[in-house]
Amino acid sequence: MSTASMAKGTGTAVPVPLPWPGLLALSTAAFTAVMTELLPAGLLPRMAPALGVPEARVGFLVTGYAAASFAAAIPLTALLRGLPRRRVLVGALAGFAVSNAVVALSSSYALTFASRLLAGAVGGLLWAMLVGYAARMVPAERRGRAIAIVLAGITSALSLGVPAGAALAEALGWRTVFGMLALLALVLIGWVRWRVPGFPGEPPEARVPLARVAVLPGLPAVLSVTLFLLLGHQVMYTYVAPFAAHAGLGRPDAVLLVFGAATVAGIWVTGLVVDRHLRAALLTALAVCAGAMLCLGLFAGTHAVLFGSVALWGVAFGGAPTLIQTALVDASGPRVADVATSLQATVYNAGIAAGSLTGGLALDTLGPGALPWTSLPLVAAALTTVVLGRGYAFPSVRRRLPSGS
C-alpha cells in the first residue's frame with residue numbers, strides 16, 4: 001500500500017492518518033509499565049509496615065523489577081519472536097495485571113517480591129515490543145511521530161502518573177492504587193485486541209540471529225549513543241538533590257518539577273520534527289544537554305542559571321529517547337526491531353545502573369560540584385558518536401524502508 005493516497009481528481013498527495021486509537025493503547029501500555037516499576041518508590045513509608053519490613057527492603061521492589069527487566073528483555077524476546085505479536089503483547093499486559101493484583105492483596109514480602117520479578121520480566125519484553133510495533137503500524141515517513149506518541153506514555157507517567165498515584169495512595173490506600181493498575185492492565189488487554197492490529201511472528205527461516213542483529217550497520221553506534229547518554233544523564237539525575245543543596249537551593253523538588261515539565265515540552269517538540277530532521281534534532285538535543293551540564297558546572301550558584309539549565313536539560317533529554325529509538329528502527333528495520341530494542345533496553349538499564357554508580361563515586365570522592373563535570377564528557381561522547389555516524393546510524397537523509405520491512 002502506498003504511504004500516501006492521491007486526492008480524487010487533484011493529484012495532491014494526502015498523508016495517511018495516524019492510527020490514533022492503537023498508538024494511544026501502546027502509549028497507555030508504556031504508562032502502565034512505568035507506573036508499575038516506579039510507584040513503590042513513592043510509597044515506602046506506607047508499604048513497609050503492611051509488609052512487615054524496613055523501608056529499604058520495600059525499595060528493593062524497584063531494584064528487583066529493574067534487575068528482572070534487564071535480565072529478561074533479550075532472552076524472552078528471542079524466545080517469543082516466532083509468536084503472533086499481538087498475542088505476546090496481550091500476554092505481557094496480563095503479566096502486569098497479575099503482578100499488580102498480587103501486590104494489592106499480598107501481606108507477604110516474599111510473595112510481593114516474586115510478583116515484582118514477574119512484572120520486571122514482562123516489562124522487559126514489553127519495552128522490546130512497543131517501538132517496533134508502533135513502527136509497523138504506520139508508513140515509514142510517519143514512523144518517528146508514531147514512536148513519539150508511544151513514548152509520551154513514559155513522560156506522562158513520570159510527570160503526572162507517579163505523583164498522582166502517590167496522592168491517591170494517601171487518600172485511598174496504596175493497595176487500592178495497585179488494584180487500579182491491575183484493572184488498567186485488564187482494560188488495556190481489551191483495548192489492544194480491539195484497536196491494535198495483529199502482526200505475525202517471524203518464521204524460523206526468516207529470523208536473523210541475535211548476534212547478527214547486534215552488528216547490523218548502524219546498530220552499534222545507536223547502542224553506544226544510548227549508553228553514553230544514559231550514563232551522563234544518570235550521573236546528574238540520581239544526585240540532583242545533593243547538587244541542588246550544594247548550589248544553595250533548599251528545594252530540590254522544585255528542580256525536579258522544572259525538569260519534569262521540560263521533558264513534556266521536549267517530547268512534544270520532538271514529535272513535530274523527528275520525521276523530517278532526525279539527525280539535526282538529535283545533534284541539537286545532545287549539544288543542548290552538554291551545554292546545560294557546562295552551565296551547571298560553571299554557574300549553578302546563580303539560581304536563574306540553575307533553573308534555566310535544568311529546563312534545557314529536560315527539553316533535550318525528553319526528546320532524545322524518541323530520536324534514538326527512531327534511529328534504531330531505521331537502522332534495524334521494523335521486522336527485527338523487537339530484538340534490536342531488547343538490546344537497547346538492556347543497554348539502557350545498564351546505563352542507568354552504571355551512571356548511578358559513577359555519580360555516587362564522584363559525589364563521595366569529589367563532592368557534588370563534580371557531578372556536571374563527570375556527566376559532560378559522557379554526553380559529549382554521545383554527541384561525537386552521532387556526528388561521526390553519518391553512514392547508517394544517523395544519516396543526513398533517512399532511509400525510507402517500507403513500514404513492515
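## The largest pocket

A pocket is an open set of grid points where a 1.4 Å probe fits, with protein on both sides within 12 Å along at least five of seven lines. In this predicted model, the largest pocket holds about 1700 Å³ of space. Its lining comprises 49 residues, and those closest to the centre of the pocket are E37, L38, L158, Y348 and I352.

Seven helices are named as giving two or more residues to this lining: α1 (20–38), α3 (55–80), α6 (143–172), α9 (219–237), α11 (252–273), α13 (303–332) and α14 (337–366). Helix α11 gives the most, with nine residues. By class, the lining of the largest pocket consists of 30 nonpolar, 17 polar and two charged residues.

## The second largest pocket

Two or more residues of the lining come from each of α1, α6 and α11.

Helix α6 supplies the largest share of the lining of the second largest pocket, namely seven residues. Sorted by class, this lining has nine nonpolar residues, five polar residues and one charged residue.

## Packing of helices α4 and α5

Two packed helices are described by the angle between their axes and the distance between the axes. For helix α4 (residues 85–105) and helix α5 (residues 109–136), the axes come within 8 Å and cross at roughly 150 degrees. Because angles over 145 degrees count as roughly antiparallel, α4 is roughly antiparallel to α5.

The crossing in which α4 passes α5 is left-handed. The contact between these helices is made up of 16 nonpolar, five polar and four charged residues.

## G179 in helix α7

Residue G179 belongs to helix α7, which spans residues 174–195. Its relative accessibility is 28%. Since partly exposed residues fall between the 20% limit for buried and the 50% limit for exposed, G179 counts as partly exposed.

Along the chain, G179 and F199 are 20 residues apart, and their C-alpha atoms are separated by 31 Å.

Terms used
Residues are numbered from 1 along each chain as its sequence is written. This is a predicted model: local features need pLDDT of at least 70, side-chain atom pairs count only at pLDDT 80 or more; totals for chains, interfaces and linings use all residues. Side-chain values use heavy atoms; hydrogens and water are left out. Axes are lines fitted to C-alpha atoms, for helices over the stretch in contact, and angles run from 0 to 180 degrees between N-to-C directions. Helices (H or I, at least four residues) and strands (E, at least two) are DSSP runs, numbered from the N terminus. Angles under 35 degrees count as roughly parallel, over 145 as roughly antiparallel, 65 to 115 as roughly perpendicular and the rest as oblique. A crossing is left-handed if the near helix is turned anticlockwise from the far one by less than a right angle, and right-handed if clockwise. Ala, Val, Leu, Ile, Met, Phe, Trp, Tyr, Cys and Pro count as nonpolar, Asp, Glu, Lys and Arg as charged, and the others, Gly among them, as polar. On a 1 Å grid over the protein atoms alone, a cavity is a set of points where a 1.4 Å probe fits but cannot get out, and a pocket is an open set with protein on both sides within 12 Å along at least five of seven lines; lining residues have an atom within 4 Å of a point. Grid points are joined across faces, edges and corners, and a volume is the space filled by probe spheres set on the points. Buried means under 20% relative accessible area, exposed over 50%, partly exposed in between (1.4 Å probe, protein chains only).
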